[in-house]
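Q: I am new to reading protein structures and would like a close look at a single part. Could you pick one spot and show me how it fits into the whole?

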There are 2 protein chains.
Amino acid sequence: MTAGDARAAIRAGTIAAPTERLAPEHVQANLVVVAREYAAELADLCARNPVPCPVVEQLAPGAFEPRCAAGADLRTDLGRYRVWRDGVLAEQPRDVRALWSQDLVAFLIGCSFTFDHALAAAGLVPRHYALGRNVPMYRTRVPLAPAGRLRGPMVVSMRPYQLRDIERVRAVTRPYRVGHGEPVAWGDPEALGIDDLLRPDYGDPPVLESGDVPVFWGCGVTPQSVIVASNVPFAITHEPGHMFVTDLIHRDLGAG
Amino acid sequence: MTAGDARAAIRAGTIAAPTERLAPEHVQANLVVVAREYAAELADLCARNPVPCPVVEQLAPGAFEPRCAAGADLRTDLGRYRVWRDGVLAEQPRDVRALWSQDLVAFLIGCSFTFDHALAAAGLVPRHYALGRNVPMYRTRVPLAPAGRLRGPMVVSMRPYQLRDIERVRAVTRPYRVGHGEPVAWGDPEALGIDDLLRPDYGDPPVLESGDVPVFWGCGVTPQSVIVASNVPFAITHEPGHMFVTDLIHRDLGAG
């Protein structure tokens, strides 16, 4: 399946599952759309917090066809959206054409699904990936460096591994800098302010096995926690796990 | 006083105070020197944590004359050095020529002294600056995003302000991105894991007044906490407050 085929199937509604296994050689991205008057602050927030918020592309005001996916339409091609008003989740529509305007600026932010395929290829298959589940994601108490009106806690994704595999896991994911790179922490959820691993804030609960050590990566859902913490008047994002499939391949971003 | 005059006076030992008020139009920088085999990891740590560790310049292995200061010598021109062995402060020499080798890689990292002059010019004179003291600096419990063998907590500098001034303070410092930019937090030292404001880990204790709110910025002493936390076999840094005076002026780095 090409990236364009994946986008067409999502747009048509024939694929409704998380996008992880679609077009695995292609970079997937988180979507964040804000009003033009917030765009400079969001760009600054990403620059100051590049591990959870690595920018793949910032579009011009009003634009919905990114340079990284010719012919695509960000208003329809994710299939699952979240619309936020005054920091509160207000709607979860299937497309956002009716909400679009010249006042909106879209950002595409890197996604850890990028390196899950590399982990699998290295024999370090992520648990959620093997089980066909969505990855578990958690709001931490690690504060981002704020930017203007934007602030909030870092969100992380989690993959359990045996202790003996962690250095290899770090090495495999390190080059994927635009996909969050190597882990931010492992072994101690409480150090990040995560109280209960079995109750993630986004995605599916993890399936844990004996000897598992939780390994945490920066996550592109972080801007959604920023929208809430900062009471952003209006924003559109993807539904966690339902990513935008770009035409980029991993080595376009310096890895893989 | 030109930047070159300041460096010459420091080298000659005729200036021994913190460098803040020297050549105020010039960018000052933190120094971190590691063995070549750690250089890629230190560069990655800085890229992943640009708020505390904004890179002004990475030199070639063995080099001690930076591009940002013609004729300077990083081995003599700071006047106060710290030599670290196995993560422990081992010596505090006045120059490090005898320790230099082709195996060492020097990094210059941005410093908040850069914006103190801008704050003063805006009528928001930092307290330590008005009193001729060194800025207080604290190790936090906010973890950096690790990079390979390097990890550790963020170090912050602190300037007290009245609540009504904080948004102006944020706005003045925001453009100085290579000098840590706007604050990372304010108002709640405990949220950063700082137990006692009156006992900083580096610099001079603050002089607090009624109504003061502590405002915290990322700090280029952070790599020194990384050297300790990561048991780096060998490193050289500056003494906190005794910075390298570059030939760069603030607008070379996009601000001021």
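A: Let's begin with a term we will need: a residue counts as buried if 20 or more other C-beta atoms lie within 10 Å of its own, as exposed if 12 or fewer do, and as partly exposed in between. By that count, 51% of the 256 residues of chain A are buried. Please keep in mind that this is a predicted model.

The spot I have picked is Arg149(A). You will find Arg149(A) in the loop between strands β6 (137–143) and β7 (153–162) of chain A. Is Arg149(A) buried or partly exposed? Arg149(A) has 14 other C-beta atoms within 10 Å. That count falls between 12 and 20, so Arg149(A) is partly exposed.

Leaving aside residues up to four places away in sequence, Arg149(A) touches Glu41(A) and Ser230(A). Compare that with Asp165(A), which is 16 residues from Arg149(A) along the chain. The C-alpha atoms of Arg149(A) and Asp165(A) are separated by 40 Å.

Chain A is divided into domain 1, made of residues 3–112 together with 227–251, and domain 2, made of residues 125–218. Arg149(A) therefore falls in domain 2, going by its number, while Glu41(A) and Ser230(A) fall in domain 1. The C-alpha centres of the two domains of chain A lie 21 Å apart. Where they meet, 19 residues of domain 1 of chain A are in contact with 25 residues of domain 2 of chain A. Helix α2 (residues 36–48) of chain A gives the largest share of the domain 1 side, with 5 residues. By class, that side of domain 1 of chain A has 10 nonpolar, 5 polar and 4 charged residues.

Let's step back to the whole chain. Chain A has 6 helices and 11 strands. Its radius of gyration is 17 Å, close to the 18 Å that the globule rule gives for 256 residues, so chain A is as compact as a globular protein of that length. Along the principal axes, the C-alpha atoms of chain A fill a box of roughly 50 × 40 × 30 Å. Among contacts in chain A between residues at least 6 apart in sequence, 77% join residues at least 24 apart.

There is a partner to meet as well. 10 residues of chain A are in contact with 10 residues of chain B. On the chain A side, these are 7 nonpolar, 2 polar and 1 charged residues. A rotation of 180° with 0.0 Å of shift along its axis superposes chain A on chain B, with an RMSD of 0.0 Å. This is the relation of a two-fold axis. In chain A, the C-alpha nearest that axis belongs to Val142(A), 3.3 Å from it. The same surface serves both copies, as 100% of the contact residues of chain A recur in chain B.

Finally, look at a sheet in chain B. Its 4 strands form an open, antiparallel sheet in the order β6-β7-β9-β8. Strands β6 (137–143) and β8 (185–186) of chain B stand at the edges with a single partner strand each, so one side of each is left without a neighbour in the sheet. Further in, 7 bridges join the antiparallel strands β7 (residues 153–162) and β9 (residues 212–218) of chain B. One pair to find on your screen is Gln162(B) with its bridge partner in β9(B), Asp212(B).

Technical notes
Residues are numbered from 1 along each chain as its sequence is written. Chains are lettered from A and ligands numbered from 1 in the order in which they are written. This is a predicted model: local features need pLDDT of at least 70, side-chain atom pairs count only at pLDDT 80 or more; totals for chains, interfaces and linings use all residues. Two residues are in contact if their C-beta atoms, placed from the backbone, lie within 7 Å. Ala, Val, Leu, Ile, Met, Phe, Trp, Tyr, Cys and Pro count as nonpolar, Asp, Glu, Lys and Arg as charged, and the others, Gly among them, as polar. Domain bounds come from an automatic or database domain assignment. Helices (H or I, at least four residues) and strands (E, at least two) are DSSP runs, numbered from the N terminus. The radius of gyration is taken over C-alpha atoms; the globule rule is 2.2 Å times the number of residues to the power 0.38. Copies are superposed by least squares on the C-alpha atoms of residues with pLDDT of at least 70 in both. Two strands pair if DSSP finds at least two bridges between them.
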